[in-house]
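Student: I would like a close look at a single part of this model. Please take one element and go through its surroundings in order.

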Amino acid sequence: MEKDDAVIMTAAGISGAVALYLFMSMPRIKKRKDMEFFSEWDFAHRGLFKNGTEAPENSIPAFRKAIEAGFAIELDVQLTRDNVPVVIHDFDLNRACGADVKVKSLTFDELRTNYRLFGSREKVPSFAEVLELIDGKVPILVEIKSVDTDMTVCRKAWELLREYDGEWCMESFNPLCLLWFRMKHPDVIRGQLADNFIKDGTKGNKGLLWLLQNLTGNFATKPDFIAFNHKYADTLAFQINRKLFHIPAFAWTVKSEKDRKRALKDFDVMIFDSFIPTRHRKHRK
């Protein structure tokens with residue numbers, strides 16, 4: 001009898017753990033936003049860019065080229081020291097400008113006056129400039145860059161986006177950014193960025209990385225879609241969200257036609273760079 005009791009208790013414990021995990025990883029199901037429009041597009045990662053030319057990543061020329069080619073645009077937004085939203089991926093300028101300085105340590109004027117992107121003549125654009133350029137011609141996927149609990153970047157981005165007349169949605173690796181939009185502006189389409197951080201060798205607290213890669217913040221943030229590293233589409237948490245909860249998925253970052261064709265099995269939307277995808281989707285201009 002004692003052995004039977006132990007088996008029952010173990011089974012109950014496993015069932016409880018599974019139920020808890022499914023609850024924690026559940027995205028928005030009721031009143032989930034319609035993602036069909038976005039699924040008609042491929043998204044040019046940081047614009048249609050080539051570093052070392054006059055159209056480097058996250059630059060005005062790269063975004064102009066994406067628009068002209070009929071692609072949607074993925075871009076990155078963070079803040080300067082004086083809280084101006086700017087479009088640049090890295091939190092420092094080492095890779096983009098060859099300078100060991102943090103974006104948030106510079107005012108917007110300092111950033112624009114003293115630094116150029118990837119050896120070009122291009123300056124780091126403000127988010128306002130980029131929105132004016134795109135002007136609703138193609139959809140935008142806005143990645144909000146934040147690694148802490150300060151959500152000023154969300155508020156500043158929203159102040160521009162609320163006046164923007166065009167299709168857009170937001171994503172972030174930081175679940176707190178999604179939570180901010182859920183609480184403040186629940187009608188905004190929001191996506192959880194994620195990766196198999198452990199397998200990919202991401203530096204940081206392993207416990208926190210495990211929670212993030214397993215999408216355990218979904219119960220609070222209720223994302224409308226998942227943006228996942230396409231190389232790790234077999235990750236259990238991603239497959240649960242796809243096959244059990246049927247959540248739309250963006251693949252990042254697809255860098256070849258071979259990878260694109262493979263990713264089509266698991267993803268609805270491609271975020272790409274380094275090649276021009278085969279036009280398998282309808283592109284609107």
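Student: How many residues of strand 6 (residues 190–194) are buried, and is the strand enclosed by the rest of the structure or open?

Tutor: The model is predicted, and what follows applies to it as such. In strand 6, five of the five residues are buried, so the strand is largely enclosed by the rest of the structure. The burial can be followed face by face. One side carries Arg 190, Gln 192 and Ala 194, the other carries Gly 191 and Leu 193, and both sides are covered.

Next come the strand's neighbours in the sheet pairing. Strand 5 (residues 168–172) runs parallel to strand 6 and is joined to it by three bridges. Across this pairing, Met 170 is the residue opposite Arg 190 of strand 6. Strand 7 (residues 225–229) also runs parallel to strand 6, and here the number of bridges is four. In that pairing Ala 194 faces Phe 228 of strand 7.

Helix 11 (residues 236–243) is mostly covered, with six of its eight residues buried; among them are Phe 238, Ile 240 and Arg 242. Glu 159 belongs to helix 6 (residues 152–161) and is partly exposed, at a relative accessible area of 30%.

Definitions and conventions. Residues are numbered from 1 along each chain as its sequence is written. This is a predicted model: local features need pLDDT of at least 70, side-chain atom pairs count only at pLDDT 80 or more; totals for chains, interfaces and linings use all residues. Side-chain values use heavy atoms; hydrogens and water are left out. Buried means under 20% relative accessible area, exposed over 50%, partly exposed in between (1.4 Å probe, protein chains only). Helices (H or I, at least four residues) and strands (E, at least two) are DSSP runs, numbered from the N terminus. Two strands pair if DSSP finds at least two bridges between them.
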